[in-house]
Amino acid sequence: MSWALKLERSKDFLYVMGLLRFIAAGSERSDRVLKLTSQAIQLNILDYTAWEVRREVLLALTDSNGVLGHSELEFVATCANRDSKNYQLWHHRRFVVQHLLNDPSKELAWVDGILQDVDAKNYHAWSHRQWVVLEWDLYDGELEWTTGMLERDLRNNSAWNHRYLVASRESLEHYITFAESEIKFALDMIDRVPSNESAWNYLLAIVRATRSWVLARERVERLAREPFNCRFAKVYLMWCWSMTDGDNSHLIQQAAASLSEQDTIRAEFWKTFRGPM
């Protein structure tokens with residue numbers, strides 16, 4: 001006797017999937033196979049084989065004017081309306097943009113629609129946007145766009161991460177002026193919610209990259225004191241003291257002792273802390 005459960009499938013599902021497996025094993029890559037993959041994906045959007053066969057068909061049928069590629073973008077968008085967190089779907093979208101069209105002109109607006117209207121923290125959408133920006137050097141306007149996303153939700157870690165992707169490139173060109181503006185931006189966001197670790201991580205990344213520790217120290221010192229007593233401010237100051245001239249070991253140890261009482265989960269770590277590497 002077998003204790004394995006038999007999943008109930010409709011006759012249409014069994015027929016389409018069986019036919020797809022048969023086609024996949026052969027060499028036919030035609031328009032009717034493309035329609036078959038549409039049916040298969042409609043029945044099971046997670047079916048990797050259906051997406052892979054579809055890509056093979058698209059390469060075989062690809063046209064010079066890109067009509068097939070643009071219609072495929074519409075197909076993917078329709079699928080995303082059903083499930084925007086599908087790995088196969090995003091991989092397929094990248095394939096269409098890169099190999100069929102070599103044209104990312106619709107991608108930033110499309111991703112923005114998903115992040116604005118569906119899920120502002122969709123990992124796949126953020127990854128796709130970063131790929132588009134990096135692949136086609138589309139940095140212009142991205143810093144301002146992330147500002148808008150952070151105004152909507154300043155705790156959106158994906159938005160902070162994307163901002164640093166852009167900032168790490170911009171800082172090479174503008175350096176001090178850019179560092180000052182980004183440090184001010186991060187501190188303004190921190191003033192609104194001092195416990196927002198994402199903003200602190202961004203601030204720390206900017207000052208480490210540009211060696212601009214002192215630019216934020218005065219405002220951070222205020223947050224480290226009462227009534228804020230912000231533990232992230234104390235961590236920042238320890239980095240600052242370790243990277244500036246002079247023996248600041250006593251200040252680092254005082255902050256570590258305070259953190260061992262405040263951050264009880266990491267109390268033992270702070271008790272043995274000797275300074276940032």
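Start with Arg208. Arg208 lies over the face of Trp239, at 4.5 Å from the ring centre. The rule for a charge over a ring is this: NZ of Lys or CZ of Arg within 6 Å of the ring centre and within 35 degrees of the ring normal. Arg54 is another case: its charged end sits over the ring of Phe75, 3.8 Å from the centre.

A word on what you are looking at. This is a predicted model, where local features need pLDDT of at least 70, side-chain atom pairs count only at pLDDT 80 or more, and totals for chains, interfaces and linings use all residues. Residues are numbered from 1 along each chain as its sequence is written, and side-chain values use heavy atoms, with hydrogens and water left out.

Now back to Trp239. Trp239 is one of the buried residues of helix H12. Helices here are DSSP runs of H or I, at least four residues, numbered from the N terminus; strands are runs of E, at least two. Buried means under 20% relative accessible area, exposed means over 50%, and partly exposed is in between, with a 1.4 Å probe and protein chains only. Other buried residues of H12 include Phe232, Tyr236, Leu237 and Trp241.

What do the buried residues of H12 pack against? They pack against helix H10 (197–210), helix H11 (214–224), helix H13 (249–262) and helix H14 (267–271). Contact means heavy atoms within 4.5 Å.

How far apart are the end C-alpha atoms of H12? They are 19 Å apart. H12 has 13 residues, 231–243, and at 1.5 Å a residue it should span 18 Å, so the two values agree. The expected span is 1.5 Å times one less than the number of residues. One general point: an α-helix has 3.6 residues a turn, so residues three or four places apart point the same way.

Next, the loop between H11 and H12. Pro227 is found there. The peptide bond from Glu226 to Pro227 is cis, with omega near 10 degrees. Asn229 is in that loop too, between H11 and H12. Its phi is near 50 degrees, a positive value in a residue other than glycine. Asn229 counts as partly exposed, at 23% relative accessibility.

Asn102 has a positive phi of about 50 degrees, and it is not a glycine. This residue lies in the loop between helix H5 (87–101) and helix H6 (107–117). Is Asn102 buried or exposed? Asn102 is exposed, with a relative accessible area of 54%.

On to aromatic pairs. Rings of Phe, Tyr and Trp (its six-membered ring) pair if their centres lie within 6.5 Å; planes under 30 degrees apart are stacked, over 60 edge-to-face, and the rest tilted. The count comes to 10 aromatic pairs. Take Tyr164 and Tyr202: their ring centres are 6.3 Å apart and their planes are at 85 degrees, so the pair is edge-to-face. This pair links distant parts of the chain, 38 residues apart: Tyr164 is in helix H9 (residues 157–192), and Tyr202 is in helix H10. Tyr164 is partly exposed, at 29%. Tyr202 is buried, at 3%.

Phe269 and Trp270 also pair edge-to-face, with 4.9 Å centre to centre and 70 degrees between the planes. Phe269 counts as partly exposed, at 44% relative accessibility, whereas Trp270 is buried, at 8%.

Last, a cluster. Trp160, Tyr164, Phe185 and Tyr202 form one aromatic cluster.
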